[in-house]
Amino acid sequence: MSGYVAAQPGIFAQGTRAHYYLEFDVRGGADPDAVISALSRLREPAVTSGGANIVIALGPDLWRRIAPDDAPAGLQPFVPIGTAPATQHDVFLWLHGTNHDVVLDMARAAVVALGGVADLATEQPAFVYLDSRDMTGFVDGTENPPIWEAPDVAIVPEGAGVGGSFVLVMRWVHDLGRFHALSKEDQEGVIGRTKPDSVELAAGVKPATAHIARVVVDDDEGNEREIFRRSTPFGTVHEQGLQFVAFCREPESFSVMLHRMLDDDGGVHDRLTDFSTPVSGSFYFAPSIDALVRACPAFDDD
Ligand code: HEM
């Protein structure tokens, strides 16, 4: 890597409990340059403003049209995997801050800023539940890379797309009634960790169908595949689930993990998928700040 290339800092910002996710479809015929120009009118992503962070990510086709030289090899739209549908959109915005009012204001401002070129396709407010638990009651994030290692996991280290990050966005809807009807021990077998304190079950106890048994997998060189997860729960009294959002320096680990979760691999699938259903799936690319500025110098304006 030559020189310092800044990744979008909101990917790593910690301590925010209010989250808001937006996906947009660019209107047919809209000029890609007009889309990136509209995005630059959002608050500058290099700073946290008003106590909130914005992460901007573009769908593979749109980013390749805006900045072909800054699009990494392997950047492809989501395709269906097992029961996971492909619901690819063009723009993904992740807004996160201290309180719901701030992120809601930013979400509304984003819809206005993009109004001339894109339609809102999905919106999902979300929150940190208790001590960073998923709505199943299990701690989510225990084995996430620590913040000082996260850039190595999440950020493209060199070549086209350097400083950017591949993003997987999926909405999972839980059947909490059925999950919570299981005994605590059975719930722990579904995840592969203990419920109160997130301790990994011993090798002889952890089922092959446990979630963590499916997603812990080595690459061809024998190194454990790693992704940086930033998912948060959502819910009303009628529907609860997880907005799964993860970042990676390469796209393959996402696909490998999803296949191990959702495809019957020799009769083994992730038992968590018996209690939670993926209802959306998209891949995006979160470019570096430098690439955003190259695509639209207005990103550099104060
Ligand atoms: C319903 C959706 C999901 C739920 C509720 C969920 C929940 C959890 C929980 C409770 C853990 C254990 C604690 C931790 O280490 O964070 C975990 C670990 C993990 N999950 Fe998920 N997860 C979901 C979907 C996914 C998906 C779609 C992927 C990958 C594409 C994934 C990848 C991982 C990874 C890599 C780990 C860490 C495994 C380890 O190193 O021990 N998860 N998840």
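Me: Is Ala 118 buried or exposed?
Reply: Ala 118 is buried, and its relative accessible area is 5%. Buried stands for under 20% relative accessible area, exposed for over 50%, and partly exposed for values in between, using a 1.4 Å probe and the protein chains only. The model is predicted, so local features need pLDDT of at least 70 and side-chain atom pairs count only at pLDDT 80 or more, while totals for chains, interfaces and linings use all residues. Residues are numbered from 1 along each chain as its sequence is written, and side-chain values use heavy atoms, with hydrogens and water left out.

Me: In which strand is Ala 118 found?
Reply: Ala 118 belongs to strand β4. Strands (E, at least two residues) and helices (H or I, at least four) are DSSP runs, numbered from the N terminus.

Me: And what does Ala 118 touch, apart from residues up to four places away in sequence?
Reply: With those set aside, Ala 118 touches Phe 24, Asp 25, Val 26 and Arg 27; contact means heavy atoms within 4.5 Å. Ala 118 and Asp 25 are 93 residues apart along the chain, yet 5.4 Å separates their C-alpha atoms.

Me: Changing topic: where does Leu 201 lie?
Reply: Leu 201 is in the loop between α6 and α7. Leu 201 counts as buried, at 13% relative accessibility. Beyond its neighbours within four places in sequence, Leu 201 is in contact with Glu 188, Gly 189, Gly 192, Arg 193, Thr 194 and Lys 206.

Me: What is phi for Ser 198?
Reply: Phi of Ser 198 is near 55°, which is a positive value in a residue other than glycine. Ser 198 lies in the loop between α6 (184–191) and α7. Ser 198 is buried, with a relative accessible area of 7%.

Me: What about phi of Leu 130?
Reply: Leu 130 also has a positive phi, near 50°, and is a residue other than glycine. Leu 130 sits in the loop between β4 (118–127) and α4 (150–154). Leu 130 is exposed, its relative accessible area being 53%.

Me: On to helix α1. Which residues there are buried?
Reply: In α1 (residues 32–40), the buried residues are Pro 32, Val 35, Ile 36, Ala 38, Leu 39 and Ser 40.

Me: What covers the buried residues of α1?
Reply: The cover includes β1 (18–26), β2 (52–58), α2 (60–66), β3 (91–97), α3 (100–113) and α9 (289–295).

Me: Which residue caps the N-terminal end of α1?
Reply: Asp 31 does, with a side-chain oxygen 3.0 Å from the backbone nitrogen of Asp 33.

Me: Now the ligand. Which residues come nearest?
Reply: Gly 141, Thr 142, Glu 143, His 211 and Arg 229 come nearest, out of 26 residues around the ligand. Being near requires a heavy atom within 4 Å.

Me: How far is His 211 from the ligand's nitrogen atom?
Reply: A polar side-chain atom of His 211 is 2.9 Å from a nitrogen atom of the ligand. Arg 229 has a side-chain N or O atom 2.8 Å from a ligand oxygen, and a backbone N or O atom of Thr 142 is 3.0 Å from an oxygen atom of the ligand.

Methods
Polar contact = N/O pair within 3.5 Å; in protein donor to acceptor, adjacent residues only side chain to side chain.
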